[in-house]
Amino acid sequence: MFSSRNKAERTTAQAWDYLSSAMTTAGDTANELGGHTADAAARFADQAGRIADRAGRRGQKLAGKAQKRGRKLARKANKRGSTLASVASGKADEAWSRANAAADALAGRRRRPWGLLLGAGLVGGAVGFAAAGAMRAAKEREAETHELEMAGNTVIVTPSYDD
């Protein structure tokens, strides 16, 4: 009795360690990707600033070109930063979702597949509706056939008065 209980406790402790590690890793991954995004944006901004400085020294014409290129690079940096941030967000969301599922499993909670249950209910309702319609049509045909048979087998008796 004691050995199985200790084994269960060890298994639970090990699962908890794995879960804690997974949650920490998910947070670190999100932070790391956020740092990469900030670094990329800073590099693009530095490059744009250097180009603008160089162009300022060469004259007004080159400054206009540098400003234009700087805007282009800033837009590019912003776009790339947004893309990297959305990727980081998606990965962090997936990690948190899996970590929460693991925590639920450790706590003994089970998630119900509501979409599957709803789909099964709708399919069952459609099958029942189709079966009821087919049954009603069969009963109507049966009643019509019976009526035609009764009309063909009917004997009309008329009294005759013979004197």
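**Reading a predicted helical chain**

Reader: In which helix is confidence lowest, and in which is it highest?

Author: Confidence is read through pLDDT, from 0 to 100. For the chain the mean is 77, with 81% of the residues at 70 or more. Helix 1 (residues 2–58) has the lowest confidence in the chain, a mean of 70, whereas helix 3 has the highest, at 92.

Reader: Does T24 count as buried, partly exposed or exposed, and why?

Author: Buried means under 20% relative accessible area and exposed over 50%, with partly exposed in between. T24 has a relative accessibility of 47%, and therefore counts as partly exposed. In space, its C-alpha lies 9.9 Å from that of W96, although 72 residues separate T24 and W96 in sequence.

Reader: What share of contacts in the chain between residues at least 6 apart in sequence join residues at least 24 apart?

Author: The share is 61%.

Reader: Why does helix 3 lie largely in the open?

Author: The number of buried residues among its 39 is zero, so helix 3 lies largely in the open. Across the chain of 163 residues, 10% are buried. The accessible surface of the chain is about 13,600 Å², and carbon and sulfur atoms account for 58% of that.

Reader: What span should helix 3 have, and how far apart are its end C-alpha atoms?

Author: At 1.5 Å a residue, helix 3 (residues 114–152) should span 57 Å; its end C-alpha atoms lie 57 Å apart, in agreement.

Conventions: Residues numbered from 1 in each chain as written. Predicted model: local features only at pLDDT ≥ 70, side-chain atom pairs only at ≥ 80, totals over all residues. Heavy atoms only, no water. Buried < 20%, exposed > 50% of the residue type's maximum accessible area, 1.4 Å probe, protein only. Contact = heavy atoms within 4.5 Å. Areas by Shrake-Rupley, 256 points an atom, 1.4 Å probe, with all protein chains shown as cover. Helix = DSSP H or I, 4+ residues; strand = E, 2+ residues; numbered from the N terminus. Expected span 1.5 Å × (residues − 1).
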